[in-house]
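Please keep the sequence and the model in view while reading.

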Number of protein chains: 2
Amino acid sequence: MLNIGYIGLGIMGKSMAKNILRAGFPLWVHNRSNAAVEEMVSLGAIAARTPREVADLTDVVFTNLPDSPDVEKVTLGPQGIIEASRPGLIVVDNSTIKPGVSRKIAAELLKKGMFAIDAPVSGGDVGAKNGTLAIMAGGSAEALQKIMPVLMAVGKTVTHVGGPGAGQVAKAANQIMVAAQMAALGELLVFARKSGVDPEKVIAAIKSGAAQCWAIDTKPQRLFKGERGPGFKAYMQLKDLRIVIETAREYHIPLPAAEVHADYFKRMVELGMGELDNSAVVGVVEKAAGADILKGET
Amino acid sequence: MLNIGYIGLGIMGKSMAKNILRAGFPLWVHNRSNAAVEEMVSLGAIAARTPREVADLTDVVFTNLPDSPDVEKVTLGPQGIIEASRPGLIVVDNSTIKPGVSRKIAAELLKKGMFAIDAPVSGGDVGAKNGTLAIMAGGSAEALQKIMPVLMAVGKTVTHVGGPGAGQVAKAANQIMVAAQMAALGELLVFARKSGVDPEKVIAAIKSGAAQCWAIDTKPQRLFKGERGPGFKAYMQLKDLRIVIETAREYHIPLPAAEVHADYFKRMVELGMGELDNSAVVGVVEKAAGADILKGET
């Protein structure tokens, strides 16, 4: 049985680590703050003091951290995974970070005989809890095959997209579409209300046609109840769109629509709505138009 | 049995008129050019010389025309429907036009005791042929009830969205979302290719998650075969987005994302791609990025 390490026990990471433990894998954990570590230890995990120590004791190390610099530091920095120098170790990053950083990490680890798999996920906190995440993987097919039993403990589907960084490219592509749908949903709901038409009727009229999408299937019913909490937080949507835009600039890809959507989520954060669900971006449109989708003019 | 009139035998109108005829309704037709009229007459319809004459002889008159001024002219202009002065006549507009124009037409017809239903459709030429359109209706509930047997001959679902113009508002809302998805699909496919990742693998990785939509379900498989023909023509998508934007300006609704999407389809037309499918908007992104989604750098 593979020995597993998990570094980064946030909302997503802790749920995923629990599912790995539940599947019967011996688990070492490390986290910046201690509360989550203690919870995992009470469930049977073993605490490790540094990322390097996690790597010293395991066969597969997962990381799940907020942003690119965090993953770079934990993997390549002092007392980082790379210092364990364990040829054959597989390092799986579940964070959503810049594809270029994933590629750099993979190249550095390979120099020491270690394999990197970038494996960002989609499906939110609910998917993480239930072990039903969609996993988009980049890196060596052979290394991916070896860790499949572990991935199947945290996710429902694993798609091997390509070499190092390809999983991050797929996740960024995913966020281009998700942001577009959330912004369009916000615009069309306010458009309906300000045009004097019931937004709920409009959703009923369009939901089964060419506009059909997961966003329309799931979000309006919550918005019409006045529920705007997460789900997927707006400031994380903004972070992911920044990855999209910075990567697009590196590769000279003009993405004017994604840039406008990023502006929407930047505005959300400025308006103090950063902790709300990404579908609450409708609030930015409401504010600009002086309207409330639930009751008309404000 | 209701006597039906159909004015405007374009791609959509002709298919819809045929389905009305097939359902057994006596049908009078009128069209600017003669070929489509002759075809309909050969199938059992009766030709009328003017919109007024159609209205003189029928109980329900449908219109299906390119744009707002065309509908206004045929309905309210010289030799138009309004001149028939037939109280109780129901005038159903299947065109996609500005909600404000639908409201004006409804108000003018009502002065003569006639009822207007704006009933734009979604589902494309295939839906029109197969009688499976989604119909978004605005106007009197009573009038709508009377024409239901006729609408069910051309569509699969009818949603009564609200009073006059509400159907057009729903259709415009629909186009806000459809345009957003098509532009995002174009941006993410080029993003993947330019980032060195196979766009087909990216679609496979994201299609079942939060990005799921009809556009991703149906369009990429055609684009990956090099097929960019319509479907729904780009210049019609642009026309519909202009309705969105003009209406939004009237009601003081800032829609920055819809405006960027309109720019995309405007650029398509400028590049000579106006007759292609709306999903071929990916060509604008390819051109700007110097890439081809099928084979990488151009």
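How much area do chain B and chain A bury between them, and what share of it is on carbon and sulfur atoms? The two chains bury about 4,700 Å² between them, with 73% of it on carbon and sulfur atoms. Buried area here is the accessible area (1.4 Å probe) that two parts lose on being put together, summed over both. Met177(B), Phe191(B) and Ala210(B) supply 15% of the area that chain B buries against chain A, more than any other three residues.

The model is predicted: local features need pLDDT of at least 70, side-chain atom pairs count only at pLDDT 80 or more, and totals for chains, interfaces and linings use all residues. Residues are numbered from 1 along each chain as its sequence is written, chains are lettered from A and ligands numbered from 1 in the order in which they are written, and side-chain values use heavy atoms, with hydrogens and water left out. Chain A has an average pLDDT (the predictor's confidence in each residue, from 0 to 100) of 97, and 100% of its residues score at least 70. For the complex, the predictor gives an ipTM of 0.96 and a pTM of 0.96.

**The interface**

Contact, defined as heavy atoms within 4.5 Å, involves 57 residues of chain B and 57 residues of chain A. Between the chains there are 13 residue pairs in polar contact, both residues being at pLDDT 80 or more. A polar contact is a pair of N or O atoms within 3.5 Å; within protein, one must be able to donate a hydrogen and the other to accept it, and residues adjacent in sequence count only if both atoms are side-chain atoms. Among the elements that give two or more residues to the side of chain B that touches chain A are β9 (155-162), α12 (234-250) and α13 (256-270) of chain B. Helix α8(B) gives the most to that side, with 19 residues. Helices (H or I, at least four residues) and strands (E, at least two) are DSSP runs, numbered from the N terminus.

**Symmetry**

Chain B can be laid on chain A with an RMSD of 0.1 Å by a turn of 180 degrees and a shift of 0.0 Å along the axis. The two copies are thus related as by a two-fold rotation axis. In chain B, the C-alpha of Cys213(B) is the nearest to the axis, at 1.9 Å. Copies are superposed by least squares on the C-alpha atoms of residues with pLDDT of at least 70 in both. Of the interface residues of chain B, 100% are also interface residues in chain A, so the copies meet through the same surface.

**Local features**

A salt bridge (a side-chain nitrogen of Lys or Arg within 4 Å of a carboxyl oxygen of Asp or Glu) joins Arg52(A) and Glu83(A) at 3.7 Å, N to O. Arg52(A) lies in helix α3 (residues 51-57) of chain A and Glu83(A) in the loop between α4 (68-76) and β5 (90-93) of chain A, so the pair ties together parts that are 31 residues apart in sequence.

| Peptide bond | Omega |
|---|---|
| Pro230(A) to Gly231(A), cis | about -5 degrees |
| Pro230(B) to Gly231(B), cis | near -5 degrees |

Gly231(A) is in the loop between α11 (220-223) and α12 (234-250) of chain A.
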